[in-house]
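Have the viewer open and follow along.

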Amino acid sequence: MGNNFKMIAKTLYGLEDLLATELRQLGASAVETGTRNVSFEGDLGFMYKANLCCRTAIRILKPVHFFNVFNEDDLYKKIYDLPWENYMDANGSLAIDATVFSKEFTHSQYVALKSKDAIVDRFRDKTGERPDVDLDHPTLRINIHIDRNICTVSLDSSGQSLHKRGYKVSSTVAPINEVLAAGLIMLSGWNGQSDLLDPMCGGGTILTEAAMIACNIPPNLNREEFGFETWPDFDEDLFEVIEDAALKKIRDFHFKIYGFDTDPMAVKSAKENVKSANLSEFIEISNQDFFESKKEAERPMYLIFNPPYDERISVDDISEFYSKIGNTLKHGYPATQAWMITSNLEALKFVGLRPSKKIKIYNGKLEARFVKYEMYAGSRKASKQ
């Protein structure tokens, strides 16, 4: 199947280089990074593989048409003229996502609506039937991207966003996005070569993503469906071959992943999610206050965590909370690399440790920093003297 075509993988700001590396390692060609996206080339089987195996991709788009547009009537006409019957049946359903960077087109919802009208009208004129709109499980998810006057029409091969891995059965307050969690673990350089602790684990997303990275388990193995499964050219046998090949690459993990949380409900949620992902044997979760804990084993360890948000800590507590993080790391966790993400850039000053790395990243709409503190083995002895 040497028929390669261009694809675009969407990602979060700050994870573009990681995604480009993932795609190259999986076998993509012509890989180029953009802002929040990476373009690449591969065949049909590779499109299945990218959806199944990319940890830092949010969706994989297949561009099918490019044209210039100058106003809304022009957009309607050009979308209407495309051979939509090649991609879906009149009795199917569709959903349209639009992004616009243009003076003429300023409202993405309006572009989506206009495009939907054009597609529906074409089907009605040609067949007498019209497809429905289904935002959750459409037969075809379409992406319209307008940059100045250039319109790119893509088919969304992922369907629902790829951060919806399928293992989350229980949710907590402000859970971290799965793609972001995987990206943070990869940015930290941890790949299963030591113990890992998330001392404020919430619903267990970082723990679960870490175990999948350590064991090389495809992140989207638990998903119910991908967008491409409802396409006319879906090759189920090929998809099974791709899935089997990915499963053969799963490896053993010889360390332990730990999670703490002070909230018993979060601990319960985390355990349910980890169990749903079939990863309980690698992950130990306890109802424990990080500030009253210390590292048990002598060997090196990574800490990766997402402290509670400003909405969940009152302002008076911020300085105290972050200073406790610093003290606990300094006195209780020698020989560790501690990484944390926070959108409260002021609060970092209270940690009282000098970060050896700061990476700019977004957590949802919030600009954040992913910071690294290196705790050397001698730091505990020094503090006791």
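This is a predicted model: local features need pLDDT of at least 70, side-chain atom pairs count only at pLDDT 80 or more; totals for chains, interfaces and linings use all residues.

Q: What kind of pair do Phe226 and Phe239 make?
A: Look at the angle between the planes: over 60 degrees counts as edge-to-face. Here the ring centres are 6.0 Å apart and the planes sit at 75°, so Phe226 and Phe239 are edge-to-face.

Q: Where in the chain do those two sit?
A: Phe226 is in the loop between helix 6 (205–214) and helix 7 (236–247), while Phe239 is in helix 7. They're 13 residues apart, and the pair links distant parts of the chain. Both Phe226 and Phe239 are buried.

Q: And what about Phe253 and Phe255: which type is that pair?
A: Their planes are at 50° and their centres 6.4 Å apart, so this one is tilted.

Q: Is each of them buried or partly exposed?
A: Buried means under 20% relative accessible area. Phe253 has 8%, so it counts as buried. Phe255 has 29%, so it is partly exposed.

Q: Which residues do ring pairs link into a cluster?
A: Find Phe290, Phe291, Phe305, Phe321, Tyr322 and Tyr333.

Q: Which residue lies over the face of Tyr362?
A: For this one, check the distance to the ring centre. Arg36 lies over Tyr362, 5.5 Å from the ring centre. Likewise, Lys62 lies over the face of Phe5, at 4.4 Å from the ring centre.

Technical notes
Residues are numbered from 1 along each chain as its sequence is written. Side-chain values use heavy atoms; hydrogens and water are left out. Rings of Phe, Tyr and Trp (its six-membered ring) pair if their centres lie within 6.5 Å; planes under 30 degrees apart count as stacked, over 60 as edge-to-face and the rest as tilted. Helices (H or I, at least four residues) and strands (E, at least two) are DSSP runs, numbered from the N terminus. Buried means under 20% relative accessible area, exposed over 50%, partly exposed in between (1.4 Å probe, protein chains only). A charge sits over a ring if NZ of Lys or CZ of Arg is within 6 Å of the ring centre and within 35 degrees of the ring normal.
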